[in-house]
Amino acid sequence: MKSSRLALATAVLLSLSACAVGPNYTRPTVQAPADYRGAEAPSDEKSLADLPWWEVFQDPTLKGLVEEALAANYDARIAAARVERARYSVGVTRADLMPQVDYTGEAQRGKFFVSSDFPNETGNVFLGAFQMAWEIDVWGRIRRATEASLADLFATEDVRRAVVLNVITDVAQAYFELLELDLELEIAKRTRDAFQGTLDLFMRKLVGGVGNKLATSRAEAALADAAATIPDVERQ
């Protein structure tokens with residue numbers, strides 16, 4: 001009779017240990033479109049948007065700038081540190097499900113008083129203690145805390161990816177804007193040189209008596225307009 005009661009109590013305890021307080025998390029239903037950017041194409045050819053940026057542009061200078069920015073950016077460092085902290089937090093929270101073991105030890109040597117009939121004697125005393133505790137998660141407190149820590153870890157990782165993406169985007173945008181300005185500056189200088197050649201031609205015609213002052217003045221004005229754009233591009 002006692003053995004049957006013990007078996008029944010054990011079964012009830014095990015069934016309770018499998019229950020957690022509160023409802024299970026259910027992800028809300030999201031109406032997503034059938035096709036979205038980044039999905040695998042039906043054919044063997046990959047879309048340009050699916051390729052990594054370093055494979056699309058194939059620019060070693062840009063790659064070096066992005067790597068330097070990620071290494072020196074404080075926001076990226078902070079985000080990475082927060083991910084590591086969240087990962088450690090998950091391990092600490094999950095560790096409560098495991099048995100906790102502790103031990104202590106002590107050693108002493110000295111004179112000990114036994115009684116008035118015996119003199120003090122010198123001896124050694126050794127003390128050791130071993131403790132073990134295991135919290136049975138009957139109501140699911142530890143499991144719920146672990147689920148919350150995992151959710152924080154995933155959210156922190158998403159934030160880190162967003163920070164890295166912003167850094168890469170800013171560096172790439174600034175780099176291509178600089179390349180564009182370099183090309184605009186080269187075009188502006190070539191345009192100025194072309195108008196300078198035109199002005200020299202009209203000046204030679206004017207000196208030779210086959211040209212007129214109006215055409216020369218127009219060439220001078222065109223040269224001045226072309227030359228005025230160079231300082232603005234250089235400033236940018």
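User: Is Thr-216 buried or exposed, and why?
Analyst: This is a predicted model, and in it Thr-216 has 0% relative accessibility. Buried means under 20%, so Thr-216 counts as buried.

User: OK, which helix does Thr-216 lie in?
Analyst: Thr-216 is part of helix α6, which covers residues 213-235.

User: And what lies 3.1 Å from a polar atom of its side chain?
Analyst: That's the backbone oxygen of Asn-212.

User: Which residues does Thr-216 touch, not counting those up to four places away in sequence?
Analyst: Leu-199, Phe-202, Met-203 and Leu-206.

User: Switching topic: how many residues are in the largest nonpolar core?
Analyst: Twelve, among them Leu-62, Ala-76, Val-163, Ile-168 and Tyr-175. Helices α3 (60-72), α4 (74-95) and α5 (141-208) each supply at least two residues of this core.

User: Which helix gives the most to this core?
Analyst: α5 does, with seven residues.

User: What about Ala-76, what is it in contact with beyond its neighbours within four places in sequence?
Analyst: Leu-70 and Val-163. Ala-76 and Val-163 are both members of that largest core.

User: Back to α5. How far does it reach from its first C-alpha to its last?
Analyst: α5 has 68 residues and spans 100 Å, close to the 100 Å expected at 1.5 Å a residue.

User: And what follows α5?
Analyst: Gly-209 comes after α5, and its phi is positive, near 85°.

Definitions and conventions: Residues are numbered from 1 along each chain as its sequence is written. This is a predicted model: local features need pLDDT of at least 70, side-chain atom pairs count only at pLDDT 80 or more; totals for chains, interfaces and linings use all residues. Side-chain values use heavy atoms; hydrogens and water are left out. Helices (H or I, at least four residues) and strands (E, at least two) are DSSP runs, numbered from the N terminus. Buried means under 20% relative accessible area, exposed over 50%, partly exposed in between (1.4 Å probe, protein chains only). A polar contact is a pair of N or O atoms within 3.5 Å; within protein, one must be able to donate a hydrogen and the other to accept it, and residues adjacent in sequence count only if both atoms are side-chain atoms. Contact means heavy atoms within 4.5 Å. A nonpolar core is a set of buried Ala, Val, Leu, Ile, Met, Phe, Trp, Tyr and Cys residues joined through side-chain atoms within 4.5 Å. The expected span of a helix is 1.5 Å times one less than its number of residues.
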